[in-house]
Amino acid sequence: DLMPASSVLGMALSATVFPRRSGLSVAVIAWVLGVLVLGVACANFVNLAIARVAIRAREIGVRKTLGASAGQIAAQYLLEVCAVTLVAMLLAMTLIGFLRPTLDAVLDMQLGAMLTEPTLWAALVLLVIVVTFVAGAYPAVLLSRTTPLAALSTGQSRAGPRFVGTWLVGAQFAVVAFLFIAVAVVYAQNRELLKTGLGLSSDPLLIVENDPRVTGVSQQTLRNELVKLPTVVSSTQMVTPPWKDPCCVLPFRSTPAASAPLSTAIMYVVGQDFFETLGIRLLAGRDFDERRARDIAATGPPTGTQNAVISRALAEELGAATPEEIVGRRIYRPDGFAYEVIGVAENSVLSISSSKAGPRPRIYLFNPSQPDYHVVRLSAENISGAVAAVDALWKRLAPNVAIKRRFADDYFNDSYASFAKIDQAFTAFAVVAVAIAAIGLAAIALAVTNRRRAEIGVRKILGGSARQMMFML
């Protein structure tokens, strides 16, 4: 299964943002948003150009009278559009150059390296050509079809079918509406994610990261001492702490038959009192018991049937109508190894930043000696005192090794950072699109109002006030 090394970074980023393999990627989403915003700008330009076709009718009539062909008129207009696009591009690149230090810090990128790439400038030249034709083709056709007689006799020309401008305005505001809906959805999801993540437990969770193989303090000794502290509610161990990438995803069947459908679940290896410490409710069955040999998962290749606790989502995928129905049953890996379900836990979210995570079901295995991370549930009544008590205990157990500890919320904030940036990107795209659409609509309104000056004059002669004219427009 070979792949170019240059594709690894993109795949890792896409897997972080899109846990389910949907075919979407960050690059595709960025392209789509960029094209939508650029499409709004092009629609605005076409609308303004259509409004100006009538104003430029006399000029075109004179040029045609002096021998200019329709092709020359269209080519001249496209060159004008190309010049405007080039100036806009140069202004944008100049602005990026001035803001590069700020953008590098905010986006965590190195734009300087990108700006020296020849392929970037070739792509920008191609973009200028494409935008020139997209934005200028229709107005160029309208101008080239202007007849000298009609233009010189009235000084104006019919600016194409009226429905074209209406549809262009509708299209650009439809894009703006889509972007705002996307902003609202992403914002709502992120708020829910924050509520779920930061509300993992009613009490703060402190993670002790020190490796027992380095400190010489066994996890069991540390746990026994921690639970004696009055400021510690409970304590457990995990191979993977909350909000970090889980170790692996395992496939399971409800029967050993190869024809049975497969379900996948994230595996967590945990210690004593795991569900109590993390506030995950057991719906059926029992918790792990270190006195039962089959409850303790093997550190190497498993032998015999081992006990496991699964999430409600996995029980449902394996065909159980209720959590109680699957307790005592066996589930099977494709290699035939069996696990006996001793308990069913409520669905939980413990990781968000990996393609292994997302909304997948969970399976929990028990082995107090294997995990390297110690999760301590502190009393919320005196957090600073509880942390000080843990530090004092550690100094007594390992006086020559500094304690490494972090709150679970810190892990969550690290994982959540990428989702927050996506929220900001959607918002920025939407705001830019709204600004472009509003500016374009204001310019179109000015052009339309300018053409209605005679009508406004008649209305004022017949008694219309300035305020009435303003409200009407």
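The model is predicted, so local features need pLDDT of at least 70 and side-chain atom pairs count only at pLDDT 80 or more, while totals for chains, interfaces and linings use all residues. Residues are numbered from 1 along each chain as its sequence is written, and side-chain values use heavy atoms, with hydrogens and water left out.

**Aromatic rings.** The structure holds 10 aromatic pairs. Rings of Phe, Tyr and Trp (its six-membered ring) pair if their centres lie within 6.5 Å; planes under 30 degrees apart are stacked, over 60 edge-to-face, the rest tilted.

Select F274 and F275. Their ring centres lie 5.1 Å apart with planes at 75°, so this pair is edge-to-face. Both residues are buried (under 20% relative accessible area; exposed is over 50%, partly exposed in between; 1.4 Å probe, protein chains only).

F274 belongs to helix α11 (residues 274-278) and Y364 to strand β9 (residues 362-366), so the pair ties together parts 90 residues apart in sequence. Helices (H or I, at least four residues) and strands (E, at least two) are DSSP runs, numbered from the N terminus. Relative accessible area is 1% for F274 and 0% for Y364.

**Arginine over a ring.** Go to R406. It lies over the face of Y411, 4.6 Å from the ring centre. The criterion is NZ of Lys or CZ of Arg within 6 Å of the ring centre and within 35 degrees of the ring normal.

**Loop serine.** Finish at S379, in the loop between β10 (373-378) and α14 (383-397). S379 counts as buried, at 19% relative accessibility. Beyond neighbours within four places in sequence, S379 contacts D203, T231 and V233 (heavy atoms within 4.5 Å).
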